[in-house]
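Biologist: Please take me through this structure one question at a time. Give the cut-offs as we go.

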Amino acid sequence: MIKLAIVSPCYNEELVLEDSAKRLSDFLQSLISKGKITPDSFILYVNDGSKDATWSIISRLHKENRFVCGMNLAHNVGHQNAIMAGMMTVRHHADACVTIDADLQDDVNAIEQMVDRHTEGCDIVYGVKVSREADSWMKKTTAQWYYKILDKLGAKTIYNHADFRFMSRRALNALAEYPERNLYLRGIIPMMGFESTTVDDVLSPRMAGESKYTLRKMLRLAGDGITSFSTRLIELIIYTGLFMLIIAFCMFLYVIGSLVINHYTAGWASLMMSLWFIGAVITLSIGIVGIYIGKIYTEAKHRPLYIIESTLMHADDETNK
């Protein structure tokens, strides 16, 4: 048996916490009764700077429910950093952890399969979405295209996998060796090379409230994924420059030919179009390079990913801090 920790990041999740804690507690109890995990397994809710009553609910649930523990971050650090904070904490308290969002759209029952795959020798088990009927058409379509683009750009990711995964303590300790500040766990974890497999994850509708992943946040996460694990965009700038050079040469031949046959006419519209096109490409190229330079700047400062304000662990945990 293993001591299992379920890490669940929370941002303004007051509407779902009660039901989330009950479902996860009942599920842990069922795994304990089957002899698959130890009775001191627990849930760690990570409050990522919520502005509602999320932390007060976690504090109350901690007193009422022997499975519920809590961590309160000093300010909002984002979904990826909140998950990292939880994982880096539970690796000192448990043999393995599962990360799952508090809204429980991911299939909780798949956790049992993850534990089974771990007993067969896997250090990492990914929950892969086999059905996204609960997502909107826009989110489903953009997500599928995003994974395809990442693959084309050379980033090693698990198709249709988000952040629902199982990791052993050995894998968590290895993850702790990555000092990156531009965190994209979906790309870092597959790079580690541990024995891994996947289980099916069927998404369910949210129990209540709205998704905290706004379009802006999704685009930022997508940008982090692309620029943190691939330099293909910079290579594309070179190819674009070569393509523009060929176009310029063709235009030069056209002008020379027009002068030879005395049929050259001024083309203000085509000239302006060329100028705008070249200006747009140059500006876009500078922007792409700037993104990479900005990431270097962020990494060079070595600021902490998160600051823990307080932690609620049960007294029977001998490693309680």
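Modeller: Buried means a relative accessible area under 20%, exposed means over 50%, and partly exposed lies in between (1.4 Å probe, protein chains only). Helices (H or I, at least four residues) and strands (E, at least two) are DSSP runs, numbered from the N terminus. This is a predicted model, where local features need pLDDT of at least 70, side-chain atom pairs count only at pLDDT 80 or more, and totals for chains, interfaces and linings use all residues. Residues are numbered from 1 along each chain as its sequence is written, and side-chain values use heavy atoms, with hydrogens and water left out.

Biologist: What is the average twist from one strand to the next?

Modeller: Strands pair if DSSP finds at least two bridges between them, and eight strands form an open, mixed sheet in the order β7-β5-β6-β4-β1-β2-β3-β8. At the edges, β7 (196-202) and β8 (308-312) each have a single partner strand, so one side of each has no neighbour in the sheet. From strand to strand, the twist averages 20°.

Biologist: What angle does the direction of α4 make with that of β6?

Modeller: Helix α4 (residues 110-119) packs on the sheet, touching β1, β4 (96-99), β5, β6 and β7. Axes are lines fitted to C-alpha atoms, for helices over the stretch in contact, and angles run from 0 to 180 degrees between N-to-C directions. For α4 and β6 the angle is about 45°.

Biologist: Is D163 buried or exposed?

Modeller: D163 sits in strand β6 (residues 161-168). Its relative accessible area is 6%. D163 therefore counts as buried.

Biologist: Which residue's side chain makes a polar contact with that of D163?

Modeller: Neighbours within four places in sequence aside, D163 is in contact with H79, Q80, I83, T99, I100, L185 and R186. A polar contact is a pair of N or O atoms within 3.5 Å; within protein, one must be able to donate a hydrogen and the other to accept it, and residues adjacent in sequence count only if both atoms are side-chain atoms. At 3.0 Å, the side chain of D163 has such a contact with that of R165.

Biologist: How far apart are the axes of α1 and α2?

Modeller: Helix α1 covers residues 17-33, and α1 and α2 pack at an angle of about 35°. On the α1 side the contact is made by L17, E18 and A21, and on the α2 side by T54, I57, I58, R60 and L61. The axes of the two helices are apart by 10 Å.

Biologist: Which elements do the buried residues of α2 pack against?

Modeller: In α2, the buried residues are T54, W55, I57, I58, S59, L61 and H62. They pack against β1, α1, β2, β3 and β8.

Biologist: How far apart in space are G49 and G78, C-alpha to C-alpha?

Modeller: G49 lies in the loop between β2 and α2. In sequence, G49 and G78 are 29 residues apart. In space, their C-alpha atoms are apart by 8.9 Å.

How values were computed
Contact = heavy atoms within 4.5 Å.
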